[in-house]
Every structure is written in C-alpha cells, then in structure tokens.
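Welcome, and keep your viewer open beside this text. We will go from one selection to the next and say what is found at each stop.

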Amino acid sequence: MEHEELIRQDLGSLHGIPLYKSFIEGWPQVKAFQARPDDLLISTYPKSGTTWLSEIMDMIYHDGDVEKCRRDAIFNRVPFLEMKAPRLPSGVEQLENTPSPRLVKTHLPVQLLPTSFWDKGCKIIYMARNAKDVVISYYYFYQMAKIHPDPGTLAEFLETFMAGKAAYGSWYDHVQGWWEKKKEKEKQILYLFYEDMKKDPRQEVQKILQFLGKKVAEGTVDRILHHTSFQEMKKNPAANYETMPTALMDHNLSPFLRKGISGDWKNHFTVAQNERFDQHYQKYMAGSDLHFQMEV
Ligand code: PPS
C-alpha cells in the first residue's frame with residue numbers, strides 16, 4: 001500500500017518530545033532552517049485552530065480575495081515546517097520554493113523552534129485552545145490521520161494526553177512555554193485563544209491586523225470572516241483537507257473539520273474522567289497566569 005511506512009507507526013522521540021519518526025528523520029534540515037525576516041509563523045499545539053488561523057492569514061495576505069485563496073490546498077499555501085514524509089516534498093523544501101512573504105505553520109514546542117526565527121525577529125502568532133477540547137479533537141484526529149498510532153479507547157487516550165505522550169508531547173508545557181516566551185519577546189508574539197475567536201472573530205481579526213500593522217477595508221474584514229467560518233471552510237476543498245490521500249487521512253472515520261465548537265468535551269468526558277482531568281490540570285497549571293475558557 002502507498003504510504004505504508006507512515007501508517008500506524010509508534011512515535012519516536014525528538015529531544016524528549018514524542019513525534020512521528022519520519023519528522024525526526026527530517027529534523028537536521030528543520031533545525032538549520034533559514035527564516036526570512038518577513039516570514040510569519042503560525043504556531044500551535046495540534047488541534048488548536050491552526051487551519052482556521054492559516055486560512056484567515058492567507059485571506060489577509062491576499063486582501064480578502066477568495067479566488068486567490070482557492071489556488072491550492074491550505075497545507076501547500078501555508079507549508080508545515082517540520083513535515084517530512086517519504087516521496088513528498090518536505091515542509092522545508094516547500095518553504096524554500098515559496099516566495100516571500102511566507103506563512104509558516106509549526107506545532108513545535110518553543111524550545112525546539114529553529115533559532116533562525118528568533119535571529120531574524122520574525123512575527124509569530126500562537127493560538128491556544130482549552131485542553132479538554134484539544135484532547136477530544138486530537139482523539140478523533142488520531143483515528144482519521146493514520147500517521148498516528150492507534151489511540152485506543154478515549155479513556156486510554158486521555159491517559160496518553162495527560163502523560164504528555166501524544167504527538168508533540170505535553171499540552172501543558174506547550175501552551176505555557178509559548179506564553180512565557182511572549183513575555184520576553186512581547187513585540188513579536190501575538191498569543192490568541194480559539195475560544196476568543198469563536199466568541200468574537202471580528203475582534204480577533206482586528207487584533208491580528210493591528211499586530212501586522214495592516215489596514216483593510218471593513219468589507220474586506222466581512223469577506224474574511226465569512227470565508228473562514230466553519231461552515232464555509234468545511235465545504236471548501238482548499239481548506240478542508242479532503243485532497244489529502246485517503247491512505248493518510250480518512251474523512252469517513254472523522255472529518256478534519258469535525259465540529260468546530262467550544263465545549264464538545266462535555267459530550268465525551270464521563271464525570272469521573274472530568275474529575276481526574278481537572279485534578280491533573282490543576283497540578284500542571286498551578287502557578288501559571290495562563291487561563292482558559294472551557295466553553296463559550
Ligand atoms: S492540526 O491538524 O493540528 O493542524 O488541526 P487544527 O487545524 O489545529 O485543529 C482542527 C480543529 O479546528 C477546528 N476548525 C475550526 N473551528 C472553528 N471554525 C473554523 N473555521 C475551523 N476550522 C477548523 C476543526 O474543526 C478541529 O476541531 P474539532 O473540535 O475536532 O472540530
């Protein structure tokens with residue numbers, strides 16, 4: 001079968017972070033990646049709204065021109081820095097062939113970001129989503145995206161997640177690591193929340209525009225908001241990942257744009273699982289001034 005090397009493999013470890021073995025093979029090229037000063041990095045823990053933010057950014061970069069934003073699939077318009085798979089161009093190769101100004105996607109924890117992004121002073125937008133919705137979204141994604149090991153039952157996957165053993169490691173370390181970094185380099189990092197974007201997308205798009213130092217007409221903002229709504233993205237083949245080979249992502253198991261809401265965890269967690277998760281959460285978030293809305 002094509003892509004057989006990738007399917008349902010165990011994760012490897014990159015400097016202590018669980019990661020797909022094919023990505024680890026490509027790590028030397030990622031580490032040596034040469035950022036350009038006008039690169040804009042979109043950074044997230046998986047399942048936190050990366051694709052949503054990517055589509056918004058591409059629309060902003062193309063002044064709200066919907067047709068231009070249909071030119072290619074989102075995973076080609078916004079290359080995935082550390083992506084590496086046999087016989088496909090790697091993220092680094094894609095980026096080398098992308099004209100500036102580039103949009104770059106990464107899920108790397110802050111300590112693993114190639115140093116060139118800091119050296120060149122690139123702007124970074126980080127988007128975080130509450131842990132409970134992330135773990136549910138990730139559970140479905142593990143099932144449909146076959147690069148992941150079998151997640152087992154939800155009860156088993158909750159343990160995997162809490163133990164920091166899901167791909168990209170601990171959510172707690174990821175969101176806090178980038179949060180602390182933002183304090184150091186406050187001018188370059190805009191830290192956004194999925195829940196705020198759900199509540200008031202116009203306000204969040206305005207924050208992004210301000211961060212970029214860009215002014216656009218109100219009608220353009222309206223077009224951006226319409227085109228990047230869950231309903232529009234779900235039916236847009238350039239945004240919904242349907243053009244990915246089925247061997248890699250099986251949308252019949254679970255669509256990539258699955259529900260797009262905050263608080264879906266309530267439909268999945270048992271009372272006991274919720275209590276256990278809360279206890280663990282409080283321990284790992286203790287002392288942090290980073291707070292999440294668990295529903296909106
Ligand atoms: S990935 O694979 O890590 O890049 O996935 P990512 O894009 O970060 O996260 C996927 C989840 O984001 C939801 N999504 C959206 N929600 C609201 N509005 C829009 N426009 C939107 N686009 C994507 C997507 O449905 C996944 O969440 P769940 O909860 O599984 O539906």
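Predicted model: local features only at pLDDT ≥ 70, side-chain atom pairs only at ≥ 80, totals over all residues.

Start by selecting the ligand and its surroundings: 22 residues surround it, and the closest are Thr50, Thr51, Ser137, Tyr194 and Lys259. Residues are numbered from 1 along each chain as its sequence is written, and side-chain values use heavy atoms, leaving out hydrogens and water.

Now show the polar contacts (pairs of N or O atoms within 3.5 Å). A ligand nitrogen sits 2.7 Å from an N or O atom in the side chain of Tyr194. On the backbone side, a polar atom of Lys259 is 2.7 Å from a ligand oxygen, and a polar backbone atom of Gly260 is 2.8 Å from an oxygen of the ligand. Alone, the ligand would expose 650 Å², of which the protein buries 98%; these areas come from the Shrake-Rupley method with a 1.4 Å probe.

Next, colour helices 3 (50-61), 7 and 13 (230-234), which each supply at least two residues of the ligand shell. Helices are DSSP runs of H or I with at least four residues, numbered from the N terminus. Helix 3 gives the largest share of the shell, three residues.

Select residues 131-144 for helix 7, whose 14 residues reach 20 Å from first C-alpha to last. How many residues of helix 7 are buried? The count is 12 of 14, where buried means under 20% relative accessible area (1.4 Å probe, protein chains only). They pack against helix 8 (154-162), helix 9 (171-184) and helix 14 (271-285).

Step over to Leu154, in helix 8. Leu154 counts as buried because its relative accessibility is 14%. Beyond its neighbours within four places in sequence, Leu154 is in contact (heavy atoms within 4.5 Å) with Ile136, Tyr139 and His268.

Finish with Met57, among the residues with the most contacts inside the largest nonpolar core, which has 101 residues. Helix 7 gives the most to this core, nine residues. Apart from neighbours within four places in sequence, the contacts of Met57 include Leu40, Ile125 and Ile208.

Conventions. Expected span 1.5 Å × (residues − 1). Buried < 20%, exposed > 50% of the residue type's maximum accessible area, 1.4 Å probe, protein only. Core = buried A, V, L, I, M, F, W, Y, C linked by side-chain atoms within 4.5 Å. Near = heavy atom within 4 Å. Polar contact = N/O pair within 3.5 Å; in protein donor to acceptor, adjacent residues only side chain to side chain.
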